[in-house]
Amino acid sequence: MLLNQTKATDGYLWIRQGLWLFKKNPLTFLMLVFLYIFIAQFAILIPVFGVFLVLLLTPALTVGFMTACQRVIRGERVFPTIYLVGLREHGPVIRKNLLGLGTIYAFLVLILSLIASAFIDFQQLIPLLTEQNPPTIREVKDLYFGLGVGVLLYIPVAMVMWFAPVLIVWEKMSVAQALFSSWVACWSNRAAFIFYLLIWAVFIVVVPFLIEAFLDGIGLRVAIPFLIPPYSMAALTVMYCSFFATWKACFNKELAEPTEQSVN
């Protein structure tokens, strides 16, 4: 396994490759993302332990989705049980390491939540996110300030966790090695990742906001629930597919048919 050095513009290429991968089997990928969201929302309903359970299993679920990407490229069928592949098919050591990584992730998110609570009033943000009435300018500023603080705090965690699950399963690394290697890969290719994340911020945050504002402005607010959720679901699924492209680009592995012709 060799670590590649990428260019900043490769961040855009990863998104195109993610779209290419999504188009190979869109129904399968949409099903997997929907299932993940359903599992997460159902688990969160469990008091206290629900959130911890979701965070604990996140590395294993990540490996499942990445394995699904591999199999779609090879033309194989993918079933929902693919999410269990990391815990079920790679032996007790890998299972232990994945659950250990999930425990670390849950602990880090808990620490970040405690730190963020010093800057963000979550009791004010929750009603803002659930109210049907348009928010005031001050409320919008508070919302974006809270989101900004959360993103800045989460970036270091995202860097150590980005590749760690697949490094544990596919490269047989220890938890410490995987966390360190993931950090090095993200830091070494930070320009491409910044460009990549900025583009996704536009597609996932800015575009839905503009669509909603436009529909609201022309008096078609009733159409928002029929347009924004499907768009957001599709964009989120393509983003998940593009995670596989970041892995192939950073760790010297060829994405099957990732040529300019294949992504056009």
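Predicted model: local features only at pLDDT ≥ 70, side-chain atom pairs only at ≥ 80, totals over all residues.
Begin by selecting residues 190–217, which form helix 10, together with residues 224–250, which form helix 11. The axes of these two helices come within 11 Å and cross at roughly 175°. Because an angle over 145 degrees counts as roughly antiparallel, helix 10 and helix 11 are described as roughly antiparallel to each other.

Next, display the side chains at their contact. On helix 10, the contributing residues include Phe193, Tyr196, Trp200, Phe203 and Glu212. On helix 11, among them are Tyr231, Ser232, Met239, Phe243 and Thr246. Sorted by class, the contact of helix 10 with helix 11 comprises 18 nonpolar, three polar and one charged residues.

**The largest nonpolar core**

Now select Leu21, Phe65, Phe163 and Trp247. Within the largest nonpolar core, which has 65 residues, these four touch the most other members. Helix 11 supplies the largest share of this core, with 11 residues.

Centre the view on Phe163. Beyond residues up to four places away in sequence, Phe163 touches Ser182, Ala185, Cys186, Phe193, Thr246, Trp247, Cys250 and Phe251. Of these partners, Phe193 of helix 10 and both Thr246 and Cys250 of helix 11 also take part in the contact between those helices.

**Thr67 in helix 3**

Finally, select residues 49–73, which make up helix 3, and locate Thr67 within it. Is Thr67 buried or exposed? Its relative accessibility is 5%, and Thr67 is therefore counted as buried, the limit being under 20%. Apart from neighbours within four places in sequence, Thr67 is in contact with Ile82, Val85 and Trp170.

Conventions. Residues numbered from 1 in each chain as written. Heavy atoms only, no water. Helix = DSSP H or I, 4+ residues; strand = E, 2+ residues; numbered from the N terminus. Buried < 20%, exposed > 50% of the residue type's maximum accessible area, 1.4 Å probe, protein only. Contact = heavy atoms within 4.5 Å. Axes fitted to C-alpha atoms, helices over the stretch in contact; angles between N-to-C directions. Parallel < 35°, antiparallel > 145°, perpendicular 65-115°, else oblique. Nonpolar A, V, L, I, M, F, W, Y, C, P; charged D, E, K, R; others polar. Core = buried A, V, L, I, M, F, W, Y, C linked by side-chain atoms within 4.5 Å.
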